[in-house]
Structure formats: C-alpha cells, structure tokens
Amino acid sequence: MNKIKAIVLFALFALTAQAQGVIDEVIWVVGDEAILRSEVEEERLRAQYEGQQIAGDPYCVIPEQLAVQKLYLHQAELDSIEASESSVSHQVDMRMNYYINQIGSKEKMEEYFRKSSSEIREEMMTAVRNQMIIQQMQQKLTSNIKPTPADVRRYYNTLPLDSLPMMPAQVEVQILSFEPAVPTEETERVKQRLREFTERVQSGRADFSMLARLYSEDTESAKRGGELGFVGKGQLVPEFAEVAFNMNDPKRVSRIVKTEYGYHIIQLIEKKGDRINCRHILLRPRISASDKVKAIERLDSIRQQILADSMQFEQAVLRFSEDKNTVMNAGLMINPNTGGSKFEYQDLAPEIAKQIYAMQEGEVSQPFVMMDQSKNREVCAIVRLKKKTDVHRANLTDDFQTIKSMLEAQKGQELLRDWILKKQKTTFVQISPEWQGCDFEYPGWLH
C-alpha cells in the first residue's frame with residue numbers, strides 16, 4: 001500500500017468511528033490495519049483484572065504491542081502461514097468450557113462479559129487464531145537458531161558467575177505400577193448400575209444430565225450434567241471416541257463402554273463437522289482393602305527379586321508394569337512440563353516425592369498406594385531413584401540443556417528485535433499526534 005492510500009484509509013477509519021457515534025478513535029494505522037482506542041482500553045483493563053504488570057505507560061506500551069502483532073500477522077499473510085481451524089476451535093472450546101465451569105453457567109458467563117456466547121466465541125476465535133499465527137511466524141523466523149556444543153561452551157564462559165541461575169534439587173525416577181485386580185462381581189455391579197441408568201433414560205423416567213450430576217464419577221463434567229463440550233476425535237480415548245462418533249440419535253443411550261478410566265454410557269447432544277458434543281456417565285469399580293493388600297504383596301515379591309539381583313528393575317517394568325506412559329521407557333518418568341526426565345520434588349505426585357526424598361541413587365522403595373491423577377484411580381507402585389542432583393548453580397556438566405536454552409532465547413530475542421526494526425522501515429505507520437509522545441521500545445515507528 002502506498003503512503004497516500006494509507007493516509008486516506010486513516011481518515012476513513014476516523015470518520016467511521018465518528019459516524020457510529022462511539023467515543024472511540026483510530027490511534028494508529030499499521031499497513032492497512034487500524035488500532036482503536038477501545039482496543040487499548042480493553043487490553044489495559046484485561047491486564048489489570050488478571051494482575052499483569054505493564055512496564056511503563058500502558059497507553060504507550062499496549063499500542064506498540066498491538067502494532068508489533070500486526071507486523072507479524074502481515075508477514076504471516078505474505079508467507080501463507082495459517083492457523084489450524086481445528087486447533088483454534090479446540091482451544092476456544094476449552095476456554096469457553098473453563099469460563100462456564102468457573103462462572104457457573106452459560107447465562108452467567110454472558111452476563112459477566114455483557115455479550116452473547118456467540119459474540120464471546122467469535123472474539124475468542126480471532127484472538128486465539130492470531131496468537132497461533134504469530135507464534136508460528138516467530139518460530140519460522142527463529143528456526144535456524146541451532147547453537148552447537150561449542151557455541152554453548154563459549155556462551156557459558158562469557159557469563160558472570162552470579163548471572164547463572166541456581167538450579168533446584170532434581171531427581172530422575174523410574175516407576176513400576178499396576179492396579180489391584182478387580183473381582184468380576186464388582187465389575188458386574190457397575191455394569192448393572194449403568195444398565196439401570198440407560199433403562200430409566202430411554203423409558204423417560206429420568207433425565208440423562210440429572211443422573212450424570214448425581215452419580216457420574218467424572219466430577220468435572222458431572223457439574224455440567226455430564227457434558228464434555230465440543231471435542232475432536234483425537235481428544236477422546238479411542239474406545240470412547242469410536243462409540244460416541246458413531247451415534248446419531250440424541251434420544252438414545254450408547255452401550256456400555258470400557259476405557260482406562262472405567263465404564264461409561266454416552267448420550268449424543270450435537271455433531272458439528274469433525275467435532276462432537278456429548279454427555280457421559282462414568283462409574284468405576286470399587287477396589288477393596290483386601291485387593292490392595294494382595295497387590296502390595298505381589299509388588300513386595302517383585303521388589304525382593306530386584307534386590308536379590310535375580311531381576312533388573314527395567315526387566316520388572318516390562319513384565320509387570322501397567323503404566324503405559326513409562327513401560328516402554330524402562331519405567332523412566334517424563335516431566336510433562338519440560339519434556340525431560342528431571343523433576344523437582346514439587347512436580348512429582350506427593351506419594352512419590354515422599355518415598356524418594358530420603359533415598360539414595362539406585363535404591364528401590366517399599367511398595368505403596370498412590371492416586372493416578374490421569375485416571376483418578378488408585379494404583380500400587382514401587383519406584384527407583386535413578387539420579388539425584390542437589391541444589392547448585394547451573395553448570396555445563398549437569399545443566400547443558402538449560403544453558404543451551406538460555407543461549408537460544410537470547411539469540412531469538414535479538415533476531416526478532418532486528419526483524420521488527422527492519423520491518424518498520426518497509427511498513428507505513430500513522431500515529432495520531434497525541435499518541436506520539438512515547439519512549440517506544442522500537443524507535444522506528446515515527447520514521
């Protein structure tokens with residue numbers, strides 16, 4: 001866009017705001033995109049509500065942040081970078097469900113935001129889509145930053161000792177776990193209960209959502225009458241998804257479905273493209289104290305074989321463990337927050353942290369009972385402390401990846417800053433006079 005066309009566009013934006021009779025104005029134009037006073041005010045209030053600190057005058061910082069976003073979005077359009085609409089919808093569904101859950105209902109959410117749910121969703125779709133596109137654009141720009149080990153060593157040697165972060169105590173842990181055996185009669189009791197629910201719903205004597213609120217052991221969805229919200233097939237465990245996505249009649253209840261979480265019955269609410277919204281009721285077989293004792297005794301026998309060197313811990317994992325997340329990794333636990341195998345104590349399940357706190361490297365714990373948070377079910381386990389690192393200042397031997405990440409972050413920030421400064425020179429920017437008196441982070445806006 002040439003400069004004359006952009007100036008005309010700036011004037012048209014301003015006239016439109018006046019014609020609408022709104023107390024608003026165009027304060028910046030970046031390329032062919034306007035930034036409104038109302039956008040800045042909304043961002044300021046959101047940051048205030050969420051307790052976010054703004055480093056500087058918000059009426060300088062926020063417009064500049066919005067302008068930088070528009071630079072990224074413009075480049076992304078030129079590079080044909082788009083967000084996956086299914087990923088956007090998934091994120092928005094999660095956020096909408098979270099708001100409804102926190103506020104209490106869809107109606108209360110609409111009252112709180114003073115907008116209809118469709119308006120909230122549409123605004124959220126735009127924000128999430130732009131966020132994803134910007135992240136992809138930044139990743140593309142920094143994708144060639146791949147420091148070698150020699151680069152990391154040189155970087156480490158330039159750092160003052162007091163600038164190196166203190167690393168907390170960390171451990172690497174292997175686990176062997178399985179669920180206590182459930183008697184057949186207990187499984188049949190749960191299935192019979194679900195059959196009764198199905199009969200009551202399909203005979204019209206009970207409402208599915210009411211039964212879910214009263215009896216479902218999925219406590220989060222139970223608050224919403226068992227409703228899961230719109231999800232894609234990949235967001236559900238395969239056994240559940242296969243049944244749910246083959247349903248077509250909202251008046252019918254599915255057959256009983258067994259998954260790793262327990263036993264379910266499902267009711268379709270609505271299908272929309274490749275997503276589905278349904279309700280479910282989850283029941284889990286009860287595990288008796290005697291069943292737990294038997295499992296603990298079995299684990300103790302396995303532990304004794306490990307201690308007697310008649311079986312390695314890794315071999316025992318392959319033979320006996322039911323933890324699908326670790327069984328093919330010799331039992332080594334992976335930290336979901338980092339993707340690595342190191343954990344700080346507070347990142348571990350409390351039962352595991354308690355076991356390993358006083359253990360030495362190579363020791364195997366006594367059998368214990370713990371809650372598997374992913375399934376919300378009790379399992380019996382033993383753990384082995386593979387490695388322990390005490391509190392220390394970061395060094396190349398123990399913390400190479402941490403120092404490499406520091407170098408990558410620094411190089412990434414430098415590259416993105418240089419890119420923004422260059423992009424400013426080729427992008428038309430018009431700033432309303434009363435919004436120009438700022439100490440901008442990127443000084444090229446007023447070229």
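Which residues are exposed on the other side of α8? Thr184 and Glu185 are.

The model is predicted: local features need pLDDT of at least 70, side-chain atom pairs count only at pLDDT 80 or more, and totals for chains, interfaces and linings use all residues. Residues are numbered from 1 along each chain as its sequence is written, and side-chain values use heavy atoms, with hydrogens and water left out.

View 1. Helices (H or I, at least four residues) and strands (E, at least two) are DSSP runs, numbered from the N terminus. Helix α8 covers residues 184-202, 19 residues in total. The expected span of a helix is 1.5 Å times one less than its number of residues. For α8 that gives 27 Å, and its end C-alpha atoms are 27 Å apart, which agrees. Glu186, Thr187, Val190, Leu194, Phe197, Thr198 and Val201 are the buried residues of α8. Seen down the axis of α8, these buried residues fall within an arc of 125°, so they line one face of the helix. The arc is that of the directions from the helix axis to the C-beta atoms. Buried means under 20% relative accessible area, exposed over 50%, and partly exposed in between (1.4 Å probe, protein chains only). The cover over the buried residues of α8 includes α9 (208-215), β7 (262-272) and β8 (275-283). Contact here means heavy atoms within 4.5 Å. Gly204 follows α8, with a positive phi near 85°.

View 2. Met210, Leu214 and Tyr215 make a nonpolar surface patch of about 260 Å². Leu214 is found in helix α9. Its relative accessible area is 55%, so Leu214 counts as exposed. Patches are made of residues with over 30% relative accessible area and no salt bridge; like charges are joined within 9 Å, nonpolar side chains (Val, Leu, Ile, Met, Phe, Trp, Tyr) within 5 Å. Accessible areas come from the Shrake-Rupley method with a 1.4 Å probe; for residues, only the protein chains shown count as cover.

View 3. The structure holds 17 salt bridges. A salt bridge is a side-chain nitrogen of Lys or Arg within 4 Å of a carboxyl oxygen of Asp or Glu. One of them joins the side chains of Lys140 and Asp79 (3.3 Å, N to O). This pair links distant parts of the chain, 61 residues apart: Lys140 is in helix α6 (residues 117-142), Asp79 in the loop between α3 (58-78) and α4 (85-103). Lys140 is partly exposed at 44% relative accessibility, as is Asp79 at 26%. Arg129 and Glu85 also meet in a salt bridge through their side chains (2.9 Å, N to O). Here Arg129 in helix α6 is linked to Glu85 in helix α4, 44 residues apart. Arg129 counts as partly exposed at 23% relative accessibility. Glu85 counts as partly exposed at 37%.

View 4. Glu188 forms a salt bridge with Arg195; the closest N and O atoms are 2.9 Å apart. Glu188 is partly exposed, with a relative accessible area of 37%. Arg195 is partly exposed at 37% relative accessibility. Elsewhere, salt bridges that share partners join Asp93, Arg121 and Arg275 into one network.

**View 5. Gln170 in strand β4.** Gln170 has its place in strand β4 (residues 170-178). At 14% relative accessibility, Gln170 is buried. Neighbours within four places in sequence aside, Gln170 is in contact with Lys342, Phe343, Glu344, Lys387, Lys388 and Thr389.

**View 6. Trp445 and its surroundings.** Trp445 lies in the segment after β12 (429-431). Its relative accessible area is 1%, so Trp445 is buried. Beyond neighbours within four places in sequence, its contacts include Trp28, Glu64, Ala67, Val68 and Leu71. Gln424, Val429, Ile431 and Phe440 are also in contact with Trp445. Phe428 is 17 residues from Trp445 in sequence, and their C-alpha atoms are 8.9 Å apart in space.

**View 7. Helix α7 against α15.** Val152, Tyr155 and Tyr156 are buried in helix α7 (residues 149-158). Seen down the axis of α7, these residues fall within an arc of 100°, so they line one face of the helix. They pack against α15 (396-425). The face turned away from the buried side of α7 carries the exposed residues Arg154, Asn157 and Thr158.
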